[in-house]
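Me: Hi! I'm new to this one and would like a quick tour. Can we start with the ligand?

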Amino acid sequence: MAGYGKDACGAAFAADAVDYDLLAAQMQALAEGVESEISNLANASALLYQTLADLNWAGFYLYQSEELRLGPFQGKTACTRIAVGKGVCGTAAQRDETVVVENVHQFPGHIACDGASRSEIVIPIHRNGALYGVLDIDSPLYGRFGAEEKAGLEKFVSALEKVL
Ligand code: SME
């Protein structure tokens, strides 16, 4: 599949294609001159949530006191603490690599904060070479995140890392 939303309806969905280079540039522009990390993370979650179609959660868990703690996000209220190694977020943090889950119901240990979630992507974030936290994005559609989304969102996280 060339990209999300383009297989069945072709051109009708072309307008939905996300320009991930632009998204990364928007993140950097939004953060220009902003010193507060919380402000930048809050705007990052809003930017993702308002730009990407078919999401039900987009936000951050921050690595603090050797666990993941809920940070700024958009979506329904969520669990506040996740142990490293638990759930999709804890697994991405432990492996220190992006985890893409096509069907969360088939991921052992998935933590269901919102029963609507069907697929998920979690990308580790670093600062000064150490784990800073993770970006977590959930969708009510199965298989929402493919290779294009993974590459694009990793680019977004790289842009975000520069302003943290
Ligand atoms: N599903 C995540 C928990 C966080 S919520 O999706 C917001 C997980 O399994 O780690």
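Me: Which residues are closest to the ligand, and how many surround it?
Reply: In this predicted model, 14 residues surround the ligand. The closest are Gly-87, Val-88, Cys-89, Ile-111 and Cys-113.

Me: Which elements give two or more residues to that shell?
Reply: Those are α3, residues 87–95, and β6. The largest share comes from α3, with four residues.

Me: And by class, what is the shell around the ligand made of?
Reply: There are seven nonpolar, four polar and three charged residues in the shell.

Me: Switching topic: how many residues are in the largest nonpolar core?
Reply: That core has 34 residues. Among those with the most contacts inside it are Cys-89, Ala-92, Val-122 and Val-134. Strand β1, residues 57–64, gives the most to the core, with five residues. As a general point, nonpolar side chains tend to be buried together in soluble globular proteins.

Me: You mentioned Ala-92. What is Ala-92 in contact with, leaving aside its neighbours within four places in sequence?
Reply: Its contacts are Glu-97, Thr-98, Val-99, Val-122, Ile-123, Pro-124 and Val-134.

Me: Now helix α2, please. Which of its residues are buried?
Reply: Leu-41, Ala-44, Ser-45 and Leu-48 are buried in α2. Viewed down the helix axis, the buried residues fall within an arc of 95°, so they line one face of α2. In general, an α-helix has 3.6 residues a turn, so residues three or four places apart point the same way.

Me: What covers the buried residues of α2?
Reply: The cover includes α1 (20–31), β1, β2 (67–75), β6 (130–139) and α4 (147–163).

Me: What should α2 span, at 1.5 Å a residue?
Reply: Its 15 residues should span 21 Å, and the end C-alpha atoms are 21 Å apart, which agrees.

Me: Where does Glu-37 lie?
Reply: Glu-37 lies in α2, which covers residues 37–51. Glu-37 is partly exposed, because 17 other C-beta atoms lie within 10 Å, and a residue counts as buried at 20 or more and as exposed at 12 or fewer. Glu-37 is 127 residues from Leu-164 in sequence, yet their C-alpha atoms are 5.9 Å apart in space.

Me: Last one: is Asp-21 buried or exposed?
Reply: Asp-21, which is in helix α1, counts as exposed because it has 12 C-beta neighbours inside 10 Å. The C-alpha atoms of Asp-21 and Lys-155 are separated by 7.6 Å, although the two residues are 134 residues apart along the chain.

Note on methods: Residues numbered from 1 in each chain as written. Predicted model: local features only at pLDDT ≥ 70, side-chain atom pairs only at ≥ 80, totals over all residues. Core = buried A, V, L, I, M, F, W, Y, C linked by C-beta atoms within 7 Å. Contact = placed C-beta atoms within 7 Å. Expected span 1.5 Å × (residues − 1). Arc of directions from axis to C-beta. Near = placed C-beta within 6 Å. Nonpolar A, V, L, I, M, F, W, Y, C, P; charged D, E, K, R; others polar.
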